[in-house]
Amino acid sequence: MANVAVIGAQWGDEGKGKIVDWLAERADMVVRFQGGHNAGHTLVVGENVYKLSLLPSGIVRGTPSFIGNGVVLDPWALKDEIARLGAQGVTATPETLRIADTCALILPFHRDLDGLREDASGAGKIGTTRRGIGPAYEDKVGRRAIRVCDLAHLDDLGPQLDRLTAHHDALRAGFGEPPIDRARLIAELREIAGFVLPFAKPVWRDLNAARSAGKRILFEGAQGVLLDVDHGTYPFVTSSNTIAGAAAGGSGLGPSAVGFVLGIAKAYTTRVGSGPFPTELENETGERLGVRGHEFGTVTGRKRRCGWFDAVLVRQAAAVGGITGIALTKIDVLDGFEAVSICTGYKLRGETLDYFPAHAADQALVEPIYETMEGWQETTAGARSWADLPAQAIKYIRRIEELIRCPVTLVSTSPQRADTILVRDPFSD
C-alpha cells in the first residue's frame with residue numbers, strides 16, 4: 001500500500017479538506033507538513049461543517065493526526081481551534097494529536113510585524129492573512145526562532161531572546177513601535193506551555209516507526225503549488241514550499257516515503273488576494289462562478305477571484321509539484337453553462353507560450369488563449385459514478401487530462417464526502 005500526499009494544484013482553496021477527510025478513512029494517520037493557520041480547510045459531514053486552520057483534517061474522524069516540523073505553530077490559535085472543535089464534539093487529545101517538538105512558534109510580535117509591513121506596502125501589498133506566518137518562517141531560517149521544545153526550558157531562553165529582540169526591536173523601531181516586552185512574552189509563553197507540551201513529541205520518530213510497521217500515512221499540504229515560495233507567482237506567494245517534496249522535510253520522513261501525490265484542482269480557477277491571474281473573469285460569468293461556488297476564504301472570509309480553468313498553470317503545477325494524479329473538485333459549479341472555456345496557452349508580446357513566465361511583469365501581461373467547449377444542462381451534483389455524469393462533462397474532464405498531461409483519478413461532485421467518483425485509488429499504488 002502506498003502513502004499519499006495531497007497538495008493543491010492551483011492557488012489553494014481547491015477543496016483539499018474534503019479530499020483529505022475522504023482519504024483519511026483508509027489512512028492510519030494524517031500529517032500536516034508545512035504552512036500555518038493561514039490555511040483553511042472546510043469539511044462537510046452530514047449537517048455539520050467543520051472549519052480547520054491548523055489541525056490536520058484527520059482529527060474530525062479520530063484518525064491519529066500529526067503536525068510536522070515544517071509547520072509554524074501559533075499556540076494560542078491551536079488552543080482556540082481545539083476548543084472550537086470541542087464545542088462541535090471533536091476531541092483532540094495527546095493520543096489523537098501529536099505536534100513535532102521542533103516546530104517553530106508564531107509569536108505575538110510576528111503577527112504585529114506582518115500587519116505593519118502590509119499596511120506600509122502600498123501598491124506592493126502581497127495580501128497576507130496577517131497571521132505572522134512569513135515573519136515566523138524568517139526567524140526559523142534566521143536561526144532565532146523559539147520552538148515547541150523551548151516551552152519546556154523557558155528559564156534558559158535568554159540567548160534566543162537576545163537574538164530575537166536584536167532583530168525585531170530594530171524593525172519595530174522603524175515602524176515607530178516600542179521594543180518587545182520580554183517579561184510579558186515569557187509570561188504568555190509560561191501560560192500557554194502547559195497546554196501545548198502534552199502534545200509535543202518527536203514526530204519524526206513516530207512516523208518512521210509507523211512506516212516500518214506498514215502503516216498508511218496521508219500527508220496533508222496547505223495552500224497550493226502556485227503559492228510555493230520557489231515555484232509560485234512570486235512575490236505573491238506563501239512563505240513555505242507547498243510541493244510534494246516538502247512532505248519529506250516537513251515531516252521527518254525520507255522522500256521515498258511520500259508515495260502517490262494527489263493534486264487537487266477545481267474545475268475552474270480561483271485566487272484570494274493579490275497577484276497575477278490570467279483567466280480571471282471580472283464580469284457576470286466570474287460573478288456566477290463565485291456565487292455558485294460559494295467562493296469566500298475559509299480563514300479570511302475574503303471573496304475569491306474567479307476564472308476559467310487554466311490548463312497551463314495546472315500542467316506546470318503537476319510537473320514541479322510531482323503530482324501523480326488529479327482530484328478534480330466542484331465540477332457541479334459548471335452545471336448549466338452554455339459553454340465552458342479552458343486556457344491552453346498564453347500570448348506575450350506576440351509570442352505563444354506553453355508555460356507561465358517567472359517575472360511578475362510578464363505574468364501581468366500574458367493573455368490567455370482559450371479553447372471553448374459545449375457545456376451541459378444536466379446536473380453533476382451528487383454524482384458517484386461516471387454513468388451519473390453528462391456526456392459533455394466527461395468530455396470536459398477528458399480534455400483537461402490531455403492538456404495537463406496528468407490523469408484525473410478522482411472527481412468531487414459536492415462538499416459531501418460521499419459524493420465522489422473514484423477512478424483510481426491512490427492508496428493501492
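Is the crossing of helix 2 and helix 6 left-handed or right-handed?

Author: It's left-handed (the near helix is turned anticlockwise from the far one by less than a right angle; clockwise would be right-handed). Before we dig in: the model is predicted, local features need pLDDT of at least 70, side-chain atom pairs count only at pLDDT 80 or more, and totals for chains, interfaces and linings use all residues. Residues are numbered from 1 along each chain as its sequence is written, and side-chain values use heavy atoms, with hydrogens and water left out.

Start by finding the two helices (DSSP runs of H or I, at least four residues; strands are E, at least two; both numbered from the N terminus). Helix 2 covers residues 75–86 and helix 6 covers residues 182–196. Their axes (lines fitted to C-alpha atoms over the stretch in contact) come within 10 Å and cross at roughly 45°, on a scale from 0 to 180 degrees between N-to-C directions. The pair is therefore oblique, since under 35 degrees is roughly parallel, over 145 roughly antiparallel, 65 to 115 roughly perpendicular, and the rest oblique.

Now look at who touches whom (heavy atoms within 4.5 Å). On the helix 2 side you'll find Pro75, Trp76, Leu78, Lys79 and Ile82. Facing them from helix 6 are Glu188, Leu189, Ile192, Phe195 and Val196. Sorted by class, that contact has eight nonpolar residues, no polar ones and two charged ones (nonpolar: Ala, Val, Leu, Ile, Met, Phe, Trp, Tyr, Cys and Pro; charged: Asp, Glu, Lys and Arg; polar: the others, Gly among them).

Helix 6 has another partner worth a look: helix 5, residues 158–174. Here the axes come within 12 Å and cross at roughly 125°, which makes helix 5 oblique to helix 6 as well. This crossing is right-handed, whereas the one between helix 2 and helix 6 is left-handed. Gly158, Leu161, Asp162 and Thr165 of helix 5 meet Arg182, Leu185 and Ile186 of helix 6. That contact splits into three nonpolar, two polar and two charged residues.

While you have the model open, hop over to the loop between strand 10 (217–220) and helix 8 (246–249), where Pro235 sits. The peptide bond leading from Tyr234 to Pro235 is cis, with omega near 5°. Gln223 lies in the loop between strand 10 and helix 8 too. Its phi is near 60°, a positive value in a residue other than glycine.
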